Each structure stands twice: as structure tokens, then as C-alpha cells.
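Please look over this model with me. My notes are set out as numbered points.

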Amino acid sequence: MKRELMNQADKIVLEVLYRSFRVLYRKDSRVRREIDSWAEDLTLKLVCGPKGTALAVRHDEKHGIVKLRRAQKADITMRFKSVEGAFQVLSGQKSVADAYAEHLFFLEGDIFQTMSFVRCVEYLEGYLFPEFMSRRILKELPGRQVPALQVYALALLENGN
Amino acid sequence: MTSYFEFTNPTKLCSGKGAADNLEYELEILGVRRPMVLSDRVLEKIGTLKIVLNALREIQTGRIFTDIPRDSSVEVVNRIAKEYREFDCDGLVAVGGGSVLDTAKGVRLLISQGADDLLELMGCECLPKGTHVPFAALPTTAGTGSEATPVAVIKNPALHIKMEYISQHLMPDVAVLDPRMTLTLPPRITASTGMDTLCHAIEAYSCMQKNPVSDAYAAAAVTLVRDNLVKAVRHGRSKETRMALANASYLAGAAFGNSMVGVVHAVGHALGGVCHIPHGDAMNILLPVGMIFNRKVCRGAYGELLLYLAGPEVYQATKPENRADQAIREVIKLRRKLHELTGLPQTLKEAGADPALFPQVAETALNDGACIVNPREVTFEAVIKILEKCYE
């Protein structure tokens with residue numbers, strides 16, 4: 001039951017993550033620069049544990065990323081070993097760096113290209129979590145180029161497809 | 001330190017005088033009858049490879065491949081794997097430095113996974129075991145520690161980067177440390193590879209994945225380097241000091257193979273890929289500046305390291321609040337000594353790096369996996385500052 005709840009929470013956060021990514025592609029020059037550096041049509045997948053929820057996206061010139069309905073195999077896949085591990089990261093208890101250091105996920109694909117994605121997630125965490133949480137999990141606060149509330153508001157209005 | 005850690009070190013260690021003479025037995029118990037032997041031209045020429053081939057005695061080699069360049073590439077690995085299959089080999093014996101050992105790891109990955117192209121297998125801890133390919137590693141430098149790590153660094157010439165492969169299935173079945181393998185190393189290379197060992201140990205002791213087990217390995221490695229590196233540079237024919245450094249390299253490898261390395265290696269890999277600076281030289285140049293960069297968050301770890309870097313008297317005589325700074329000074333002191341003895345470059349200028357390439361080096365370094373476990377956030381601006389400080 002607890003696991004199912006975590007899975008549902010992971011699903012909601014992944015949706016917020018996706019929409020915020022698209023918003024920040026327009027509003028944050030650092031995120032835009034990172035995503036623009038990705039290979040054309042690069043596909044990424046985040047899998048939250050065995051039988052857990054997943055988000056698959058493709059690099060898109062116009063929106064930064066677009067959601068993929070079915071991605072059997074992506075160029076880069078970050079696969080959490082457990083739903084619990086994914087929840088710790090998506091709920092702001094641990095950073096991606098902590099999760100990597102604690103072997104909470106494994107990676108299929110090019111480590112080199114993944115680092116850019118990791119930086120984007122860290123920029124995103126700087127917006128999504130209150131400062132006291134970001135300060136606790138991130139090595140350094142990445143700073144914000146627009147108010148966090150604006151990102152939340154635009155993410156609500158963002159097309160989730 | 002993280003709230004959870006993993007530590008793996010399944011490799012059997014055969015270390016000491018005459019260790020290579022046990023290779024035949026070790027291969028037999030691994031079921032190897034036609035090994036492929038990987039090495040390089042220099043080791044073939046100076047007779048180091050012959051020591052190993054003689055030690056094989058009754059075991060017939062399936063193929064001996066010595067055309068491995070200093071920085072092995074994806075193409076080389078793919079080609080060797082093809083030959084492994086063509087010559088019907090059933091195991092790998094790698095005799096060489098980091099490039100040869102990492103090449104063997106790449107070949108093992110391809111054979112065990114039934115793949116033809118290493119680029120298909122990129123990733124970190126993602127591969128299943130696959131077919132078991134017996135693998136013995138005989139390092140001929142005391143620096144990379146590759147015989148004890150789950151990491152292979154292979155060059156991708158198309159992208160000018162060194163790619164990292166991380167999997168516990170890369171670890172050799174047996175590592176053979178024999179002083180005969182490193183006796184002929186010139187002083188300059190002894191110094192450079194020794195500083196690589198020190199760098200592995202210091203970064204392992206201070207990066208995010210540090211843990212009590214890797215700390216023990218790293219501390220032991222630092223002590224061995226402290227007591228033996230300068231001696232080995234001065235008296236290269238001493239088997240005792242050569243053995244001590246080989247053990248240090250193995251210990252540091254086991255440490256960083258589990259707790260990983262940080263900004264010094266991230267920038268060092270990039271300097272290797274972009275400016276072609278030899279890895280050990282880059283480590284020697286970058287280490288103190290990398291420590292200064294991380295000092296803000298590593299003061300405690302560096303302070304503890306002073307005990308191993310300088311010994312108990314210096315540690316005790318140094319006030320706790322000054323120990324981290326003293327540890328950095330000890331590294332600089334060792335580096336200066338090695339420069340006096342061998343001319344090992346202390347700056348990027350001496351190493352021939354072109355400052356115009358620093359932005360490219362910084363971009364490359366940021367995408368190195370080592371940045372993620374560095375205890376301080378590594379930014380483009382920070383890497384540029386490190387490079388500028390190291391230039392002269």
C-alpha cells in the first residue's frame with residue numbers, strides 16, 4: 001500500500017518535473033543552453049523502480065523536450081532500483097548526486113550526455129523546492145532567473161502532452 | 001559521508017616476489033586453455049611481456065596482441081574483441097599500464113555481453129553479468145589501480161573525450177602484482193604514476209561516496225606512497241619499494257573504485273582528451289589546486305589525511321585547525337621533490353597545455369561523471385579558475 005502511494009506520488013512529481021522542464025526551457029537561459037547542447041532527437045527515460053512509473057522524453061527544438069508515449073529503449077535511461085529510492089529523490093529528500101553516490105539508480109547510456117541532464121534537474125530543484133530544502137540537498141544553491149511561483153503557475157498551464 | 005554505501009572487491013590478489021609464476025595455476029583454476037594476451041610494444045621490447053609468457057608454461061596462448069596505443073580507443077577494443085573470437089580464445093591476460101588493462105576490460109565487456117561495438121554498452125552499473133570471461137591483470141605501472149577497479153576509461157576519438165564504463169563485471173578475477181613488472185619503469189614515469197596513486201587515494205578519502213572501508217584502503221595507500229615514492233624514484237631497482245608502490249596502487253584503486261574520484265580527475269580526464277596531457281602528469285599538476293578548491297567542505301577529511309601524508313609526529317605537532325592546510329602543503333612538498341628529481345611538470349605551462357583550449361577543457365570536464373560525486377559543486381567558472389591557477 002505504502003509503495004503504491006509512493007508510486008502515485010512519483011507519477012505526480014514526474015508530471016510536474018516534465019512541465020517545469022518545458023517552462024524553464026523558455027525562462028531559464030542555463031536550462032535552455034544545456035538542452036540545446038543535447039544531440040538531435042536524444043531520448044531520455046526516468047524509471048522509478050521495477051513496475052514503477054516512468055517518464056520518457058525526446059529532445060525537441062521548439063519546446064526543449066516532448067513527452068514520448070512509448071519508449072522501449074531510450075538513448076539514456078536512469079533507472080531507480082526501487083520505488084522507495086525514486087520517491088526519496090522526487091520528494092526532495094535526496095539530490096541526484098546523493099542518489100548516485102548511494103547507488104539508488106543505475107544508468108544505461110552515455111555518462112557524458114547524462115551530466116547535462118543532471119545539471120538541468122539541479123536547476124529545476126532550485127525552483128521546485130523551498131530554499132531550506134534545496135539548501136539541505138544541493139551542494140550549492142543554483143539560483144533562480146525567474147520567481148519559483150511563476151514557474152509553478154506556468155507549469156500548471158503547460159500542455160502536459 | 002552518505003547514509004548508505006556499497007563496497008565490492010571480488011578480485012583475488014596475488015602480490016609479491018615471483019607472483020607472476022603462479023599465473024599458470026591461476027588460469028588453470030579459472031578454466032583457461034587458450035588465453036588472449038594483451039600488452040604493448042614497449043613491454044614486448046624490454047622483455048617484461050616475456051616474463052609473463054614464460055610463466056604460462058604449459059598453457060598455449062590463443063593470440064598475443066601488442067598493438068595497444070597509450071590511450072586506447074573504442075575502435076581498438078572492438079578490433080581486439082573480433083580477434084578474440086576469430087582466434088577462439090577463452091580468457092584474457094592483460095600485461096600493461098592503465099591503457100592495456102582498460103582495453104582488456106572493454107574486450108571482456110564485449111565478449112561477455114555478446115556485443116560488437118563498445119558504444120552499445122555505455123552506462124553505469126547497468127549490465128548483467130553475461131558470459132564469464134576469465135581475466136587476469138598484471139599491471140606494469142603502479143598508478144592506475146585499474147586491476148582493482150570496476151571502471152574502464154576508453155577514448156572516443158570522434159568526440160575527443162575519455163568515456164567511463166562502470167560495472168562490477170569489469171573487475172579482473174585475479175590481479176598479479178610482481179615487482180619484476182615495474183622494475184624497469186623510468187624515474188619520471190614512476191613519479192607520475194605514483195602521484196596518480198596518491199590522487200586516487202586522496203580523492204577516494206574525500207569524495208561523496210567515501211565510506212569506512214574505502215577510507216581504510218585509501219589511508220593505507222597514502223602511507224605506502226609517503227614512505228616509498230621518492231625511494232623508488234631514486235632507487236628504481238629496489239624490489240621492496242616497487243612492491244610497496246604496486247600495493248599502494250592496488251589499495252588506492254580498490255578505494256576509488258568504490259568511492260570514486262572528483263574534480264581533479266574530471267579536469268585531468270578532460271586535459272588528457274583535449275590537450276593530450278599524460279594522466280599522471282595532469283594529476284600531479286591538479287591535485288593541490290583541486291584540494292584547495294574542495295578544502296571548504298573537506299577540511300575534516302584532509303586534516304585526517306595529514307596523519308598518513310606526513311606521519312604521526314607532524315600530525316601531532318600541527319594544530320587541528322591547521323591540519324587540512326598542512327596536508328595540502330605536504331602534497332606540494334612531495335611534488336616539488338619529484339620535480340627536482342625527475343623534472344615532472346608542476347604547471348600546465350610546463351606540460352605544454354594551450355590556454356586557448358581551457359574553455360573546451362572546462363566544458364568537457366563538466367560532463368565527466370566524476371563531477372557528480374565531487375563534494376563541491378563544479379561549475380564552468382570554477383574549472384577555468386582551477387586551470388588558470390595550474391597554468392603557471
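1. Basis. This is a predicted model: local features need pLDDT of at least 70, side-chain atom pairs count only at pLDDT 80 or more, and totals for chains, interfaces and linings use all residues. Residues are numbered from 1 along each chain as its sequence is written, while chains are lettered from A and ligands numbered from 1 in the order in which they are written.

2. Domains of chain B. The assignment, automatic or from a database, gives domain 1 (12–181) and domain 2 (187–391). Their C-alpha centres lie 26 Å apart. Across the boundary, 25 residues of domain 1 of chain B are in contact with 27 residues of domain 2 of chain B. Contact here is a C-beta to C-beta distance within 7 Å, with C-beta atoms placed from the backbone. On the domain 1 side, β1, β7 (151–156), β8 and β9 of chain B each supply at least two residues. That side has 11 nonpolar, 9 polar and 5 charged residues. Ala, Val, Leu, Ile, Met, Phe, Trp, Tyr, Cys and Pro count as nonpolar, Asp, Glu, Lys and Arg as charged, and the others, Gly among them, as polar.

3. The sheet. Chain B holds an open sheet of 6 strands, in the order β1-β9-β6-β4-β2-β3, with parallel pairing. Its edge strands are β1 (12–15) and β3 (63–65) of chain B, each pairing on one side only. Neighbouring strands are turned by 15° against each other on average, direction ignored. Strands (E, at least two residues) and helices (H or I, at least four) are DSSP runs, numbered from the N terminus. Pairing requires at least two DSSP bridges between two strands.

4. One strand pair. β2 (residues 35–38) and β4 (residues 91–96) of chain B run parallel over 4 bridges. Which residue of β4(B) is the bridge partner of Val37(B)? Val93(B) is.

5. Helices on the sheet. Helix α3 (residues 48–56) of chain B packs on the sheet and touches β2, β4 and β6 (135–139) of chain B; its direction makes about 150° with that of β4(B). Helix α8 (residues 239–259) of chain B also packs on the sheet, touching β1, β6 and β9 (174–177) of chain B, at about 150° to the direction of β9(B). Axes are lines fitted to C-alpha atoms, for helices over the stretch in contact, and angles run from 0 to 180 degrees between N-to-C directions.

6. Chain A against chain B. The interface puts 22 residues of chain B in contact with 18 residues of chain A. In chain B, β5 (123–124) and β8 (161–166) each supply at least two residues of that side. β8(B) gives the most, with 3 residues. The chain B side divides into 11 nonpolar, 6 polar and 5 charged residues. Strand β5 (residues 105–108) of chain A pairs with β5(B) in the antiparallel sense over 2 bridges. Glu108(A) stands opposite Gly123(B) there.

7. Most residues other than glycine have a negative phi. Arg57(B), not a glycine, has a positive phi of about 45°. Arg57(B) lies in the loop between α3 and β3 of chain B. Met260(B), also not a glycine, has a positive phi of about 65° and is found in the loop between α8 and α9 (263–275) of chain B.

8. Are Arg57(B) and Met260(B) buried or exposed? Arg57(B) is exposed, because 10 other C-beta atoms lie within 10 Å. Met260(B) counts as buried, with 27 C-beta neighbours inside 10 Å. The cut-offs are 20 or more other C-beta atoms within 10 Å for buried, 12 or fewer for exposed, and partly exposed in between.

Definitions and conventions:
Contact = placed C-beta atoms within 7 Å.
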